[in-house]
Protein chains: 2
Amino acid sequence: MKDAFTIWFTGPTRSGKSAIGEWVAQLLRARQYHVEIIDSGRIRKQINRDLGFTKAEITTNILRIGYDCKILNRNGVVAIVVAVSPFREARDAVREQVGEFIEVYCDCPVEELMKRDTSGLLQQAKEGGVQNVAGINAPYEEPFKPEVHLRTSEMTIEEAANLVITTLELLEKVDRIEPSAYTPEEEEMIRKRLTDLGYLE
Amino acid sequence: MKDAFTIWFTGPTRSGKSAIGEWVAQLLRARQYHVEIIDSGRIRKQINRDLGFTKAEITTNILRIGYDCKILNRNGVVAIVVAVSPFREARDAVREQVGEFIEVYCDCPVEELMKRDTSGLLQQAKEGGVQNVAGINAPYEEPFKPEVHLRTSEMTIEEAANLVITTLELLEKVDRIEPSAYTPEEEEMIRKRLTDLGYLE
């Protein structure tokens, strides 16, 4: 088995990070990987209760999670992080910190986010009743070069998870163990994108 | 291989925690365990720079480390923690949090600590030039029921590490793979102590 790595899901609330992250975890566990899912929101409720939502505090939260990824990875455990992580600089810092890092951008139009949100959180944010909701009333900086760019309003969770796994295979982070979910032509397009971004020779 | 667990080294500065912890890590790695050493002092310099030395802040540091132990353990990685962790209540809380927990008390007389301390830290603490040195000018609460009680001024690092491993074997946390470092009579005494403390039937 190859070395462990971190898959970092970034994107606004309701963009599908958790659901896709869970599915990817299941696919990797089926391949005998140890996988730990770290949910930034849960971390904030548990060990990082002291942190608010200034840029510095968000970055501290991200880098603490990065430390956990690092100690998991170096002991052979794959880390899947689910974190809005709205700041590009913080994501680049954690990429540097962790080393083996795959960024997955869950990209979803605001109208679709609102439609999915049964809790009313986003509506309240829009009306100013809730603060710090990235992409609604707080900044969300899109990644320039995510290894995986998921347009989550245009695909199923399974399709999204398959694109993550195929990308891991093309980047040789995991071995291919069954036929690709894609045609050779589709896979060539994925490979070309990764090459253009500098992730593949 | 059995489930992973956490070995928690507590004791004042210079009591031998790190050296013995490292040795135990080597012995477990030789048995094919993944082992991560978490040094509380290093954690404070890296991810928990915000924390001071009030009882609450010390406890927060300990519980954050406990979270790391938990995610390592549930992915099959043994955690070895090296932390003064002077407060009984915090250690009991982290024991509860982690689950599979072995407390190792590094017990060493102050005079011996002073002798070992080439950095002058303890002398400065004694003179009041440095604050928050547990056991010198800040509280250190001895464990009532540590699984292992090491009198580190009376034994070598190797002997101390062997006692930790033998205890792990008797508690059935690890399999015995080679003859015990102890005579049957000595081992019976270790077993009796563990039984008296309620860790063995």
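Helix α7(A) has a well-covered list of residues: A:A160, A:A161, A:L163, A:V164, A:I165, A:T166, A:T167, A:L168 and A:L170 are buried, where buried means that 20 or more other C-beta atoms lie within 10 Å of a residue's own, against 12 or fewer for exposed and anything in between for partly exposed, with C-beta atoms placed from the backbone. Keep in mind that this is a predicted model, in which local features need pLDDT of at least 70 and side-chain atom pairs count only at pLDDT 80 or more, while totals for chains, interfaces and linings use all residues. Residues are numbered from 1 along each chain as its sequence is written, and chains are lettered from A and ligands numbered from 1 in the order in which they are written.

**Helix α7 of chain A**

- Helices here are DSSP runs of H or I with at least four residues, strands are runs of E with at least two, and both are numbered from the N terminus.
- How far apart are the end C-alpha atoms of α7(A)? They are 20 Å apart, which agrees with the 20 Å that its 14 residues (157–170) should span at 1.5 Å a residue; the expected span is 1.5 Å times one less than the number of residues.
- The buried residues of α7(A) pack against β1 (6–10), α1 (17–30), β4 (101–107), β5 (148–151) and α8 (184–196) of chain A; a contact means two C-beta atoms, placed from the backbone, within 7 Å.
- After α7(A) comes A:E172, with a positive phi near 60°.

**Chain A as a whole**

- Chain A has eight helices and five strands.
- Read from the N terminus, its elements go β-α-β-α-α-β-α-β-α-α-β-α-α.
- Chain A has a radius of gyration of 17 Å, close to the 17 Å from the globule rule for 201 residues, so it is as compact as a globular protein of that length. That radius is taken over C-alpha atoms, and the rule is 2.2 Å times the number of residues to the power 0.38.
- Its C-alpha trace spans about 50 × 35 × 30 Å along the principal axes.
- Of the 201 residues in chain A, 39% count as buried.
- Among contacts in chain A with a separation of 6 or more, 72% come from residues 24 or more positions apart.

**The sheet**

- In which order do the five strands of chain A form their open sheet? The order is β2-β3-β1-β4-β5, with parallel pairing; two strands pair if DSSP finds at least two bridges between them.
- β2 and β5 of chain A are the edge strands, each pairing on one side only.
- On average, neighbouring strands of this sheet are turned by 15° against each other, direction ignored. Axes are lines fitted to C-alpha atoms (for helices, over the stretch in contact), and angles run from 0 to 180 degrees between N-to-C directions.
- α3(A) packs on the sheet and touches β1, β2 and β3 of chain A, its direction making about 160° with that of β3(A).
- α7(A) also packs on the sheet, touching β1, β4 and β5 of chain A, and its direction makes about 170° with that of β5(A).

**Strand β1 of chain A**

- Five of the five residues of β1(A) are buried.
- In a regular strand, side chains alternate between the two faces of the sheet. In β1(A), A:T6, A:W8 and A:T10 are buried on one side, and A:I7 and A:F9 are buried on the other.
- β1(A) runs parallel to β3(A) (residues 77–82), joined by four bridges, and A:W8 stands opposite A:V81 there.
- With β4(A), β1(A) pairs in the parallel sense over five bridges; A:W8 has A:E103 as its bridge partner, and A:T10 stands opposite A:Y105.

**A:C106**

- A:C106 sits in strand β4 of chain A.
- Is A:C106 buried or exposed? It is buried, with 26 other C-beta atoms within 10 Å.
- Leaving out residues up to four places away in sequence, A:C106 touches A:F9, A:T10, A:G11, A:S15, A:G16, A:K17, A:I20, A:L150 and A:T152.

**Where chain A touches chain B**

- In this contact, 13 residues of chain A meet 13 residues of chain B.
- On the chain A side, β2 (34–39) and α3 (55–73) are the elements that give two or more residues, and α3(A) gives the largest share, six residues.
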